[in-house]
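Okay, thanks for having me.

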Amino acid sequence: MTEEHHLFRKSFRKFLEKEAYPFYDEWEENRIIPRTFWEKMGEQGFLCPDLDEQYGGYSADWGYSVIINEELERVGSGLVGIGLHSDIVVPYLSSFGTKEQKQRWLPECAAGKLISAIAMTEPGTGSDLANIKTTAVLDGENYILNGQKTFITNGIHADLVIVACKTDPNAVPKHKGVSLLVVERDAKGFSRGRKLNKVGLHSQDTAELIFEDCIVPKQNLLGEEGKGFSYLMEKLQQERLIVAIDAQVSAEEMFNETMKYVKSCEAFGKPISEFQNTQFKMAEMAADIEMGRVFLDQLIARHLAEENIVTNVSMAKYKLTETARKISIECMQLHGGYGYMEEYKIARRYRDIPVASIYAGTNEIMKKIIAKNIGL
């Protein structure tokens, strides 16, 4: 990180202290983050900073996105949809979109006026993308899209949805039939189902999406037909690295909150921080967090250098999310009964962290990738 990165972090923190921290509890209660916050992020240049300047970005290195994701996670995990927009969905458009598509969509994405989502998961298909059932049939100048998606981050707000679908259901192997279509908010035949009521991430809008003879212009095909699966695989390194970053920051925040609590809470006439069990638990967590941070930081550096580190990122996504989940349990226990109260931040963190081991590919999938890449 350069001096410019550090100055940027200070500036972004100041923005969040004014525009996010005071309102986050309200957003959690309302179960959605207002679009006005997205627009304020865009106005200040905090969305999609690595986009080319001609498309509304700053041509900045990805280190700025790392800072944004870290600081958003410090506010709360419910802000993950912003990282998904800037660092997962928009890169598909900038990497595989035509010049016309980029000019049409990217400036508005950077401004926070178009919110994006990516729709892969289906009611009967999670990590097995080659077997998705959503189909798209070319009929003249339009694709006719049919299917249903679920667990879609930004599903309620989304103005642009990249939909993984089968344009050739008979392709062998199956993944060769997958393509990506960009569905716009007002597309005929596109509707939203329920805003899903989740255990955690309450302020992050997650929804079901329904496509019934949905008309999608053929110019909304992203990249080439049949290459959708390879496009998805190409971008998963960055997606999983973001999940690892969020998990690491969440663990750090839980540790810091617990450190303050054990020093201030007394039992049997002394702070609970003076009990050996507390000291051992805090020492164990500190060691896990420090090792996670060192591993993560060198992966960020290697990703910035455009290295292929799929195996290592899979390790980080698996290990750091599992560590954060373990730390949430230990920290809640050290809070005692107060840890179960909603006014204590640990309660929210405890609810929010488990899903990190599921999305962006389950941790079981991470272990399969690791096993294959180490020669098993």
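So, Glu306 counts as exposed, because its relative accessibility is 73%; the cut-offs are under 20% for buried, over 50% for exposed and partly exposed in between, with a 1.4 Å probe and protein chains only. Before I go on, this is a predicted model, so local features need pLDDT of at least 70 and side-chain atom pairs pLDDT 80 or more, while totals for chains, interfaces and linings use all residues. Numbering runs from 1 along each chain as its sequence is written, and side-chain values use heavy atoms, leaving out hydrogens and water.

Back to Glu306: its phi is positive, about 65°, and it's not a glycine. You'll find Glu306 in the loop between α8 (276–304) and α9 (310–335); helices here are DSSP runs of H or I with at least four residues, strands are E runs of at least two, and both are numbered from the N terminus. Asp213 also has a positive phi, near 50°, but Asp213 lies in strand β7. And there's a cis peptide bond from Val172 to Pro173, omega near -5°. Most residues other than glycine have a negative phi, and most peptide bonds are trans.

Now, aromatics. The whole structure has 16 aromatic pairs, meaning Phe, Tyr or Trp rings (the six-membered one for Trp) with centres within 6.5 Å; planes under 30 degrees apart are stacked, over 60 edge-to-face, the rest tilted. Phe190 and Phe211 make a stacked one, 5.2 Å centre to centre with 10° between the planes.

Last stop, the second largest pocket. How much space lies in it? About 300 Å³, where volume is the space filled by probe spheres set on grid points joined across faces, edges and corners. Of its 14 lining residues, the closest to the centre are Tyr24, Asp25, Glu28, Glu342 and Arg348. For the record, a pocket is an open set of points on a 1 Å grid over the protein atoms alone, where a 1.4 Å probe fits, with protein on both sides within 12 Å along at least five of seven lines, and lining residues have an atom within 4 Å of a point. Helix α2 gives the largest share of that lining, four residues. By type, the lining has four nonpolar, one polar and nine charged residues; charged is Asp, Glu, Lys and Arg, nonpolar is Ala, Val, Leu, Ile, Met, Phe, Trp, Tyr, Cys and Pro, and polar is the others, including Gly.
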